[in-house]
Amino acid sequence: MTTSTSLAYLIALPLAGAVILLLAGRKADKWGHLLATALSASSFGVGIYQLTQMLAREPEERAFSQKLFSWISVGTFNVDAGLLLDQLSICFVLLITGVGTLIHIYSISYMSHDPDRRRFFAYLNLFIAAMLLLVLGDSYLNLYVGWEGVGLASYLLIGFWNQKPAYATASKKAFVMNRIGDMGLSFAIMIAFATLGTVSFSGVKEASETASTAALTGIGIMLLVAAAGKSAQFPLQAWLGDAMAGPTPVSALIHAATMVTAGVYLITRSNFIFDAAPTAQLLVVIVGAITLTFGALVGTAKDDIKKALAASTMSQIGYMILAAGLGPAGYAFAIMHLLTHGFFKAGMFLGAGSVMHGMNDQVNMRRYGALRKFMPITFATFGLGYLAIIGVPPFAGFYSKDAIIETAFNAGGLKGILLGSTALLGAAITAFYMTRVMVLTFTSPERWEEDQHPHESPFLMWLPMAVLAVGSVTTGYLFTRGDGLVHWLEPVFGEHGEHEEFLPAIVVSGMAITAVIIGVAIALIKYQFSDVDAEAPENVTEFTRIARRDLFQDSFNESIFMRPGQVLTRFFVKVDDSVVDGTVRLVGRTALSAGSELRKTQTGFARSYAALILIGAVVLIAAIWVVTQ
Amino acid sequence: MLEIQTPETIMFWVLAPLSVIAALGMLLVKKAVHSALLLAWVMISLAIFYIAQDALFLGIVQIVVYTGAVMMLFLFILMLVGVDASDSLTETISGLRPIAITAAVGFGGLFVSLIGRASLGRDAVGLTEANANGNVEGLAAKLFSTYVFPFEVVSALLITAALGAMVLAHHQRSVARPTQREQSIARFRTGSLAGVAGLPSPGVYARHNAVDVPALLPDGSAAPTSISATLKARGDMLESRSFELGEVDNTVAEEK
Amino acid sequence: MNPYNYLYLAALLFTIGAVGVVVRRNAIVVFMCVELMLNAANLTLVTFSRINGTLDGQVVAFFTMVVAACEVVVGLAIIVTIYRSRRSASVDDASLLKR
Amino acid sequence: MNALSTMMLLPILGTLLLAVIPSDQVLRIKQAALATTLLVAISGVLTWFNFNAADTSFQFVQSVAWIPSFGINYAVGVDGLSLVLILMSVLLAPIVVLAGWKESEGGRWSAKVFYMLILVLETMMIGVFAATDVFLFYVIFEAMLIPVYFLIGGYGTGDRAAAAVKFLLYSLFGGLLMLASIIGLYVISGANGGHTFDINKLSELHNYMSPTTQNLLFLGFFIAFAIKAPLWPLHTWLPDAASSATPGTSVLLLGVLDKVGTFGMIRFCLTLFPDASKTFTPIIITLAVISIIYGAFLAIGATDIKRLIAYTSISHFGFITMGIFAMTTQGHSGATLYMFNHGFSTAALFIVAGWMAARRGSSTIADFGGLQRVTPVMAWSFFIAGMSSLALPGLSSFVSEFLVLVGTFTRYPVAAVIATFGIVLAALYILIPVQKALHGPTTPGNENLPDLNLREKIAIAPVMAIIIVLGFYPSPLLNVINPASAHVLEVQGFTDPTPAEGADK
């Protein structure tokens, strides 16, 4: 296997799995899940092989791209079906195939009672293939294919149980909101082609050195819109909560670890654009900051364990976007947080799935409690993920989040202080709501509904959870050892650069840990040491009410987009019927009524017809008479 | 160059007004038969015009075909159909007549004015040369060379028309003709027995060929059923009374 | 005299025929008026034949006569048929066209 | 014998063959029709391989005098543009026959008439794209209405007679305007080098026309094509016709006949009247953008699945028209590719929608529900077709739609930006019926619907294959299209806008 062909294998293997499983139909029910898992694992294997190949080369020569065939070539618009494997994409490849394979394994057991398990695995494989295409594409247009491909897979998986109308709606909502983001990506590509004349990463990078700031700002803002759509960032965040309608492994893989981080990938991949377009970069930071707060606030009020985790995901990606917006100093940290988050959040989602598995698919945390005793492994793995996400040293989240907070403060001036404080506040709130999840689920007294027999999940389910838990514990340290990841990514992001420190690193870490402790403490007081209602209390503060309604995001969308859209649709339908087609029908009716009026001249008397002929002859001859005058 | 001889001029100025008057008369007379006769006059005039214009063959054909055959046919059909004495000349479709007359005056006026204005741009040639071998031969040469295809087509048309006329005029009986027996039974079935013996024969009078005089019923009134409906419709029925004898003189002449 | 006078005559006869078609109700008379119009046309043909010095006009007039004969045959047959069913030869009675 | 003439002759021979088969042998008739269309498709593919893409002049040319006194010839020939459309037409025909195996049932006339009409239509479909004589084009353009009129009016559903008449009147109206323009061209050609209808000679003629003349003649052609295409606000015949016709007829109607409009815009409007095209471009682009958005909104609001597809086509034709009048190579090639792709994605949508309607006995979206669980293969076919319709990357329509957008953006950014909003609306108009018909609980009355049988699977499989393969590998088509569209633009005197690279730095 040469390095060049194996790149295509990365994508082809899971894609083949999806195709085979979908085409084979019921015949594949027996072995479909195994094939899918095997293919995903072999793709991971290819990824590892590529990594070893890469490590064997000099740092400058590690990246390589490969042209498969000419995809679209019209005039000066030339896009090859090309793949690019560099230090950035290999991180994603391994994350996607690694976590993906684990989740495949988990799903074998989790979905074992579902009659459509084969279809589920087909979708999972499809997703892996699309996501790999997204991160391996060597141009914005190739990325776009993967970009919408993961959107499609996400749509299919969210709507996997689409016999429930609410789930079907959720999948549609996700797709449509993603499409708004995709539109941004379209615009970005169009602007890139119109102003720079190319859409490949290398071409744009080269051109961006001489291009106008206006053009780059335009591209940057549009890329941000795209990222916001895919990564559920403000203002396109509303779909993520509903996306939890999908089976829990899906939430773990797509809506926590991989797909939703595609926005971060896009922004970091386009670092050369944002570096040259400060306005766009500022917007990125603002969006990140808003979303991280937004997600955290929403997370505090959710009783549905998956929605709480989804809000947390949104918030954590906000951190990544924030970091990505901080320029060369932040890119690597964004990726680092992305990777660590991939581990701990996937692990926590799988844990949540495990809890649901044991609790008859109950998702309301107010109906949990004391599960620590019944699900020790789940508790342990979930707990490790919990420690990682809130940023307790030395767990993974501490390293990555701390780095982001630090970089945010280092952005300098008022901006730095604002961003840093926001990140700190976010960390505190994160600690609060994650502790709340932990307490409500595992440590508080039990508030089960009747007929609940919680039990530990089978081996195939807890094995992936354990692996991910190990990742949540160790990755942070591994990535930061000797600034490993930062240096690894330097060929992509350019020199990391040393910034003057606004505050000493140790101070920032201290502040972060303090914030976490405060958050945890409040949560403990509120939930561990006081009674929790099994029903969501009604007499809550106005803030809780608003947070429960996702800070009015749906109401906002409904009143700003959906209702006017519906009104507009009805208006157009009416206009088409009564005005446009009405005009046409009016012509028809006029002709008809004119006909029925003129019909009266047709008396049936042959002589009156003869008279008409005579008159016609007179007119004719008069015309000749006049013409020949 | 065509020289028109004085006799032709005289002929034209005599016959043309007459034919116009005849044509107008055709419109104005009440009886269709009279119209037909007037039309025949017009056609004969035209035949004369044709002959005068060196169209000998056409002139003869005009007389033979039109005045001979076609007008005969018209009269024949008139006999068959048009027995309702005379047409009413009052117009039933309101406004039609003034419109028609105005249009016709306009038409004729414009037409005549156009002809007056038009010019071929060269002098009339005359047919002396074309008719050098005789008019009939000249026509024949044209008909059987240049116009042979139209000629054949027209002949086909003629045959088709003849067949068409036969088909149209043919009357398919839908019920069998009643036999004498059936007619007799039907007569008895009617309310009165008056008609049982058959319709009365016309009155028989020594002084008149009696088919147009109705017979008298026993009460002395005329019996309309005794004469042909056609005669009645035409108004050719005579009063029986005029043939009644006066007081019958029963006295025997003395001199005998 | 001018041969064009024949044309004036033909125009007058034609016009009279046209009026006749419109104003007379008896189908047979209408028919006769049509014949009159045809004859007027024939007169122009013959006249033009003479003016032009070729016999083609006469040939066409001949054809016209044949066609007129056909027309009369068929037309009269139609009149007979109509008369048989409606007992009338008035063109106004056959006004079913409007339905 | 000339390849194009052979392709046109084959369906005629098929029609004659059908004529001698007794009408009660329905199966034999269908087999004969299918065999004929397959034969034509094969000869179409062979023609495709014999085509020399690098040559931008007409190929496979044949010219026979037809009405010499008016200089009218039976003249055929193809360039890249028309070849692509002919290939699409001949590939669609057997699919339509096979997919609509039972469509002729319930018609006013027999199955024999139905397939004879289809075959006659196929000849005309090839001819209309192949004609290089403007008069021949016009004759076929109008003559095509006849079989379609009978196909809609005789075999459709619902208010089929009214829909057929509406279709006919609209098209005739446009056709007459075009006829007037063609006569105008003919007259002008007489004054400048001799009467002719030859497209090559006529394309030189614009140099001799006054701007007003050119504008008027252009409008005659353009309105005819805009009705055919259909462009807002001349579109209202399409939903009626498409929803009343049988699915197969609708496929040919939307997939092929409507393409005559956009094809004509390139072949006639642009080639014959370059200056007028430039004059009217802003208006046409505006109309195209309105079509895109308006059609999408109507599709979202549609309650009948067939009408919905018809409305989506209005939106798609807006894209095609926009691409054509953007006057860039990307826009042009994209538009041409779009025509091809739209043919197949709409065909798939309509065929599957037709099957759904035939099984359920209704085409109201609300009558369906949960089909994915009852009839998975059918649901998937619909879904993939829908995804192609919303231009999902990786499926064929994406390539063309994106090319159109990129091509338009370089010259008319505002239009492209507004049109891009159409892709969000596209997601809505496809996903709403998908959600209502395929997802959700299985509604009563749908539990026992049969899934696709083997024949239907065979019919839909090639369409799906084309949709997917061309999404990843459109080069075979683009290689043929590119020289042709570059040629058109070159004749027009347009060059692509150069990127403003390094504008102010």
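Let's start with two chains that stay apart: chain C and chain D do not touch, and their nearest C-alpha atoms are 23 Å apart. Chain B and chain D do not touch either, again with 23 Å between their nearest C-alpha atoms. Please keep in mind that this is a predicted model.

Of the 4 pairs of chains in contact, it is chains B and C that share the most contacts. Here 68 residues of chain B are in contact with 61 residues of chain C. On the side of chain B that touches chain C, the elements giving two or more residues are helices H1 (6–28), H2 (32–52), H3 (56–80), H4 (96–117), H5 (135–143) and H6 (148–169) of chain B.

**Chain A**

Now for chain A, which is divided into domain 1 (278–537) and domain 2 (595–629). The C-alpha centres of these two domains of chain A lie 92 Å apart.

A residue worth a visit is A:Ala352, found in helix H15 (residues 328–358) of chain A. Is A:Ala352 buried or exposed? A:Ala352 counts as buried because it has 26 C-beta neighbours inside 10 Å, and the cut-off for buried is 20 or more. Leaving aside residues up to four places away in sequence, A:Ala352 touches A:Thr248, A:Ile305, A:Lys306 and A:Leu309. From A:Ala352 to A:Ala427 the C-alpha to C-alpha distance is 21 Å, with the two residues 75 residues apart in sequence.

Technical notes:
Residues are numbered from 1 along each chain as its sequence is written. Chains are lettered from A and ligands numbered from 1 in the order in which they are written. This is a predicted model: local features need pLDDT of at least 70, side-chain atom pairs count only at pLDDT 80 or more; totals for chains, interfaces and linings use all residues. Two residues are in contact if their C-beta atoms, placed from the backbone, lie within 7 Å. Helices (H or I, at least four residues) and strands (E, at least two) are DSSP runs, numbered from the N terminus. Domain bounds come from an automatic or database domain assignment. A residue is buried if 20 or more other C-beta atoms lie within 10 Å of its own, exposed if 12 or fewer, and partly exposed in between; C-beta atoms are placed from the backbone.
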